[in-house]
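Visitor: Could you take me through the charged side-chain contacts here, one step at a time?

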Amino acid sequence: YKVIALDCDNTLWKGVCGEIGAMNVAVDENFARLQEFVLEKYNEGFLVVLCSKNNEDDVWEVFDNHPQMKLKRKHIASYRINWDIKSNNLIDISKELNLGIDSFIFIDDSDFEVEQMTSSCADVLSLCLPEDSNDFVGFLNHTWAFDTFRVTEEDVQRNKRYQTEKERNAEQAKYTCMADFLVSLEIKINVSP
């Protein structure tokens, strides 16, 4: 597994940000520890993506402004924050990242969403968080898919490579032809024997 796909409301924080406001969601000790777990996996080379039925602006307000948030926007390799079916969104993310859907772990608080993901994308490891947030970290620590026997330099650099590729693609999209894009890079080549 290479990607952790996360729901937001009642997964990364307690509450529904679109209903109670970004600053009113709770990131108590248990939700903070879940985020710390995800950051630990991020540092081991897992990509972190968001797959949430939500209003995008509300989610980013939590990420950018809530003082207890451990995860930040910079940690997110890709996202689909909308009202579409989550399995379709995850398939889109897998295409964007050029990774097989079988490399994804999906985490949600909703049995319905997990069952729908399992039904539509059987190759995704879909995990439903325990109802009691006190059990989050124990649950995650006992999920074998997160175990890493050895973290390679390639694993450590994975997030940086994807971020660089994302920036390159965004810059290239500004140009209508490849030649103009290449000129904009101002590449200089020195040839010597």
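**Salt bridges in the predicted model**

Guide: In this predicted model, a network of salt bridges links Asp7, Lys86 and Asp108.

Visitor: How many salt bridges are there by this rule?
Guide: The rule asks for a side-chain nitrogen of Lys or Arg within 4 Å of a carboxyl oxygen of Asp or Glu. Counted in this way, the number of salt bridges comes to eight.

Visitor: Which residue forms a salt bridge with Lys70, and with what distance between the closest N and O atoms?
Guide: The partner of Lys70 in this salt bridge is Glu36, and the closest N and O atoms are 3.8 Å apart. Lys70 lies in the loop between α3 (56-65) and β3 (76-82), whereas Glu36 belongs to helix α2 (residues 29-43), so the pair ties together parts that are 34 residues apart in sequence. Lys70 is partly exposed at a relative accessible area of 35%, and Glu36 is partly exposed at 39%. The names and value asked for are therefore Glu36 and, within the 4 Å cut-off, 3.8 Å.

Visitor: Are Glu44 and Lys41 buried or exposed?
Guide: These two residues form a salt bridge in which the closest N and O atoms of Glu44 and Lys41 are 3.2 Å apart. As for accessibility, Glu44 and Lys41 are both buried.

Visitor: What class of accessibility does Arg80 count as?
Guide: The side chain of Arg80 meets that of Glu96 in a salt bridge of 2.9 Å, N to O. Since Arg80 lies in strand β3 and Glu96 in helix α4 (residues 86-97), the pair ties together parts that are 16 residues apart in sequence. Glu96, at 41% relative accessibility, counts as partly exposed. Arg80 has 19% relative accessibility, and because buried means under 20%, Arg80 counts as buried.

Methods. Residues numbered from 1 in each chain as written. Predicted model: local features only at pLDDT ≥ 70, side-chain atom pairs only at ≥ 80, totals over all residues. Heavy atoms only, no water. Helix = DSSP H or I, 4+ residues; strand = E, 2+ residues; numbered from the N terminus. Buried < 20%, exposed > 50% of the residue type's maximum accessible area, 1.4 Å probe, protein only.
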